[in-house]
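These are my notebook entries on one structure. I set down what I looked up, entry by entry.

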Amino acid sequence: MVATTEQAAKALSNGELVIFPTETVFGLGADARNGATVAEIFAAKGRPQFNPLIAHIRDLEMGEEIAEFNDLARRLAAAFWPGPMSLVLPLCGDAGISELVTAGLSTIALRVPNHPTAQELLSAFNGPIAAPSANISGKLSPTRAGDLSVDVRMRVAMVLEGEVSSVGLESTILMPEEDRIFLLRSGAMTSEMVRELTDITPEPLSSEDKPKSPGQLLKHYAPNTPLVLDCEEWPPEAVHIGFGDREGDFNLSQTADLTEAAANLFAMLHAADRLAIEATKSKITVAPVPAYGLGVAINDRLKRASS
Ligand code: TXA
Ligand code: MG
């Protein structure tokens, strides 16, 4: 039986993963407001790192409820959406987006896909869908349902088949500021198209902003308070983030569930940072988190936030 967009929208609402076609590549989608399902994306892809994800939206109107668009962003959106362009914009604090989507950053990447099935799904779901390419980490991005690996198919509630992805290359990621546009990832939309519309040439990130890892981020989220990992005990001078039966001011997951821990990670780091400042604690300590499954990405992110 072929899945319908209505069924897929329902699955997303129920906290399940859905694969859907877009004009660039097939996406592995989750409700962007449901941290536990977003965590499942990383588990399904076997991705050892939490990089921020692109949230797919129906239209600019939905986008305005999630992010702050300045004039330049609005012009780009009006000209190139729906299409293979993602915009990184300041996140509205009350948008209800899981912090795992933004990897704790104060910005969010948004895109309106130009594909009939993706648009139907977004209309039926009526909310933001976080979706990276629907491939196992390190493998080719699928542009036809037939190219999806069984490992990924196994992890999702359903696959929307739809037309093949005609573009076949991930979206171009732009970050528009006052009168500059930063190019965070080259892709299907060219800089010439942007220049023709705006008279602004997108600037690649300067080398000091460029991270060594794939997926060009401007910066990684890190708390202001020094972070110490693998703490077995709860030190009195610290705000402690527990895990499992090791209690703290916060607990990533009392049942030692790594999916729940991943979903809580960034929100708890932010909360711990705020509490440390309020209660004048000199550090944030974190209980050991096992380094398997999603624990690999959790430990990777904690390590970066601590260095
Ligand atoms: O074509 C596409 O864009 C595909 C299809 C499925 O729409 N999606 C896609 O999503 O490639 P994803 O989640 O793999 O892209 C994530 C990349 C990150 O690696 C990062 O480079 C950038 O988007 N990104 C996302 N949020 C960001 C942010 N707040 N700041 C900077 N870069 C961000
Ligand atoms: Mg990808």
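Entry 1: I began with β1 and β2, which a hairpin of six residues connects. I took helices (H or I, at least four residues) and strands (E, at least two) as DSSP runs, numbered from the N terminus. Strand β1 covers residues 18-20 and runs antiparallel to β2, with three bridges between them. I noted that two strands pair if DSSP finds at least two bridges between them. Phenylalanine 20 has glycine 27 of β2 as its bridge partner.

I then looked up the pairing of β2 with strand β6 (residues 129-130), and found it antiparallel over two bridges. Alanine 30 is the bridge partner of alanine 130 in β6, and aspartate 31 has isoleucine 129 of β6 as its partner.

**Entry 2: basis of the values.** I recorded that this is a predicted model, in which local features need pLDDT of at least 70 and side-chain atom pairs count only at pLDDT 80 or more, while totals for chains, interfaces and linings use all residues. Residues are numbered from 1 along each chain as its sequence is written, chains are lettered from A and ligands numbered from 1 in the order in which they are written, and side-chain values use heavy atoms, with hydrogens and water left out.

**Entry 3: cover of β2.** Is β2 mostly covered or mostly open? I found that five of the five residues in β2 (27-31) are buried, where buried means under 20% relative accessible area, exposed over 50% and partly exposed in between (1.4 Å probe, protein chains only). In a regular strand the side chains alternate between the two faces of the sheet. In β2, Gly27, Gly29 and Asp31 point one way, whereas Leu28 and Ala30 point the other way, and all are buried.

**Entry 4: the whole sheet.** I traced an open sheet of ten strands with mixed pairing, in the order β7-β1-β2-β6-β3-β5-β4-β8-β9-β10. Its edge strands are β7 (158-159) and β10, each of which pairs on one side only.

**Entry 5: ligand 1.** Which residues come nearest to ligand 1? Of the 25 residues around the ligand, they are Thr24, His56, Thr107, Ser171 and Arg185; a residue is near if one of its heavy atoms lies within 4 Å. I next listed polar contacts (pairs of N or O atoms within 3.5 Å; within protein, one must be able to donate a hydrogen and the other to accept it, and residues adjacent in sequence count only if both atoms are side-chain atoms). A polar side-chain atom of histidine 56 lies 2.6 Å from an oxygen atom of ligand 1. For arginine 111, a polar side-chain atom lies 3.0 Å from a ligand oxygen atom. Isoleucine 54 places a backbone N or O atom 3.2 Å from an oxygen atom of the ligand.

The protein covers 97% of the 680 Å² of accessible area that ligand 1 has on its own, by the Shrake-Rupley method with a 1.4 Å probe; for residues, only the protein chains shown count as cover. Two or more shell residues come from each of β3 (54-56), β5 (107-111) and β9 (181-185). The largest share, four residues, belongs to β5.

**Entry 6: serine 86 and serine 171.** I located serine 86 in strand β4. Serine 86 counts as buried because its relative accessible area is 0%. A polar contact of 2.8 Å joins its side chain to that of serine 171.

**Entry 7: aromatic pairs.** How many aromatic pairs does a search of the whole structure find? The search gives four. Rings of Phe, Tyr and Trp (its six-membered ring) pair if their centres lie within 6.5 Å; planes under 30 degrees apart count as stacked, over 60 as edge-to-face and the rest as tilted. Phenylalanine 69 and tryptophan 81 form an edge-to-face pair, 6.1 Å centre to centre with 75 degrees between the planes. Both phenylalanine 69 and tryptophan 81 are buried.

A further edge-to-face pair consists of tyrosine 221 and phenylalanine 266, at 6.4 Å centre to centre and 70 degrees between the planes. Tyrosine 221 lies in the loop between β10 (203-204) and β11 (227-228) and phenylalanine 266 in helix α9 (residues 258-278), so this pair ties together parts 45 residues apart in sequence. I noted finally that Phe42, Phe50, Tyr221 and Phe266 form one aromatic cluster.
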